Amino acid sequence: MNFIVIILSAILTSNIALTFFLGMCPFITISKKLDVAIGMGIAVTFVMTITAAANWIVYYLVLIPLGLEYLQFLVFIINIAAIVQILEIFIDHYFPPLYHAFGIFLPLITVNCAILGISLFMVLRSQPFIESVVFSFGSGIGWLLAIITMGALRKKLIFSKPLADFGDAGITAIIAGVMALGFIGFTGVV
Amino acid sequence: MILISLIFMNVFAITVSLLIIVADKVMSNYGSCKIIINDDKEFEVNGGTSLLRVLFERKYFIPSACGGKGTCGYCKLKVTDGGGPALPTEKLILSPREMSSGMRMACQLKVKNDLKIEIPSEYLEIQEYIGEISVSESVTSDINRIRIRLTDPKTIKYKPGQYVQIKVVTDEGTDFRAYSMASNPNRTDEIELNVKRIPDGIGSTYIHSLKVGDPIEFSGPYGDFYLQKTHRKIVCVAGGVGLAPLKSIVQYWKDNERHRRIELYYGARTIKDLYDHEFFEELARENENFLYIPGLSDPDEKWTGETGFIHQILERKMTEGENSEAYLCGPPIMIDAVMGVLDKGSISDDRIWFDKF
């Protein structure tokens with residue numbers, strides 16, 4: 001029961017893209033095409049879960065015993081960058097079709113603030129290991145849901161040229177804002 | 001405490017780097033791959049890096065503005081064999097027609113096996129040149145005319161309107177800045193640049209500091225802003241130093257395309273800011289197919305020509321646009337204003353070429 005609550009709250013009430021507005025750069029550029037957006041969303045979910053698990057281990061088993069909590073930013077960033085690099089090489093070598101579907105996004109994710117954000121939230125919430133992994137997986141799914149929704153909305157947008165002067169990114173940012181307002185409606189669900 | 005953190009960070013960073021190096025050596029080794037260009041030249045490279053980088057290392061200069069991030073789409077090339085299907089990141093940039101014809105973005109395509117690619121001939125003509133300043137004179141209060149005589153290689157081939165990247169040498173190192181060629185492409189041993197001094201601009205400060213006889217290096221020719229081979233009327237609109245590529249077009253027209261009608265609208269602020277005015281006036285007297293309309297936005301009493309911004313003058317003067325094509329060069333705000341006027345004058349966007357700076 002507890003896990004379901006964590007996942008639902010990560011997806012709906014505290015959606016990483018729509019309530020914290022993290023990971024906006026790929027959210028706006030990649031959502032241009034729906035199928036590409038799905039690949040990116042899966043890659044983000046995957047990396048978010050793995051890096052949160054790795055960062056939990058480093059934080060609680062290395063940094064805290066050594067009293068080096070203040071190094072968390074540096075260590076998390078290096079950890080994420082390294083994991084993404086190795087994952088990319090690994091997937092490219094052993095699972096070429098998978099690499100083709102979403103591996104190409106991995107280098108883009110290295111500097112995605114949503115990934116780092118989740119690891120830092122995890123520390124703030126001081127959850128145990130399993131809960132942290134479930135929470136970051138849920139956050140990834142939440143980001144995936146947000147970018148798929150945005151991709152689908154932008155597919156509609158092609159046929160109705162609203163406010164050409166805003167440009168593509170401008171109208172996307174406005175839609176993201178409206179979506180965020182919509183997500184406020186989930187408050188109190190969990 | 002500080003010692004522990006220093007030791008920890010070092011150990012951590014070294015471990016992580018070692019892991020990546022090992023993973024890279026073990027898993028990202030594709031051996032030697034053959035790259036065949038235009039069914040003509042071929043060379044072998046070690047796989048694992050992007051096609052763009054491989055080509056760049058071999059001195060094939062493919063245009064790229066975003067530094068290989070996959071956002072500008074300039075590095076499109078046709079891959080006829082070995083490329084596999086397009087990657088998701090390429091789908092954002094390439095049109096379905098381009099993808100079905102085998103176009104790929106060289107920055108995204110990793111070389112993992114033998115590749116057969118086609119590089120357009122104009123890219124193959126991009127080379128590095130060494131030259132020597134043969135003329136450096138000021139033509140207005142802030143614009144200098146620079147002529148570069150080529151020493152190695154001794155000739156250059158380019159289309160009227162294209163640009164070069166000048167290697168700018170400063171105390172902090174070297175950098176590249178783009179300048180349009182203002183010279184007649186039929187003259188191959190020398191190019192002319194018109195360089196406006198920008199306060200604190202590293203390119204213009206460097207070029208203005210050069211004296212006759214000084215060496216200078218550049219690469220080129222670049223750009224798809226050049227005179228098209230059609231029979232339409234040519235409408236050129238220049239703002240300030242934006243005259244440079246259009247002067248190249250006009251000179252080329254004079255030698256090769258004189259049957260076409262050509263109009264040059266040239267906007268500047270004051271009479272002192274107009275340069276090569278006499279050259280164009282004389283050309284207009286000799287050729288009835290050439291119409292030259294200079295305009296000043298800030299004229300003095302002696303000026304008898306057109307006044308106002310160049311898009312307003314164009315709006316007053318432009319005749320039918322049905323069978324015309326337009327070439328615009330100037331600051332972005334001028335280009336946007338002129339595009340609006342051309343739109344009304346029925347020159348559609350696919351017949352407008354422009355160079356904003």
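Predicted model: local features only at pLDDT ≥ 70, side-chain atom pairs only at ≥ 80, totals over all residues.
Mentor: Residues are numbered from 1 along each chain as its sequence is written, chains are lettered from A and ligands numbered from 1 in the order in which they are written, and side-chain values use heavy atoms, with hydrogens and water left out.

Trainee: Why is A:Arg154 called buried?

Mentor: Buried means under 20% relative accessible area, exposed over 50%, and partly exposed in between (1.4 Å probe, protein chains only). A:Arg154 has a relative accessible area of 5%, and is therefore buried.

Trainee: Where is A:Arg154 placed, and which residues is A:Arg154 in contact with, leaving aside its neighbours within four places in sequence?

Mentor: A:Arg154 is in helix H8 of chain A, residues 129-157. Helices (H or I, at least four residues) and strands (E, at least two) are DSSP runs, numbered from the N terminus. With contact meaning heavy atoms within 4.5 Å, and with those sequence neighbours set aside, the partners of A:Arg154 are A:Ile28, A:Ser31, A:Lys32, A:Asp168 and A:Thr172.

Trainee: Why does A:Val190 count as partly exposed?

Mentor: The relative accessibility of A:Val190 is 43%, so the residue counts as partly exposed. A:Val190 is found in the segment after helix H9 (167-184) of chain A.

Trainee: What is the phi of B:Asp276, and is B:Asp276 buried or exposed?

Mentor: B:Asp276, also a residue other than glycine, has a positive phi near 55°. At 12% relative accessibility B:Asp276 counts as buried. Its place is the loop between strand S13 (262-268) and helix H8 (277-286) of chain B.

Trainee: Which kind of peptide bond joins B:Asp152 and B:Pro153, and which kind joins B:Gly220 and B:Pro221?

Mentor: The bond between B:Asp152 and B:Pro153 is cis, with omega about -15°. The bond between B:Gly220 and B:Pro221 is cis, with omega about -5°. B:Pro153 is in the loop between strand S7 (143-152) and strand S8 (163-170) of chain B, whereas B:Pro221 lies in strand S11 of that chain, residues 215-222.
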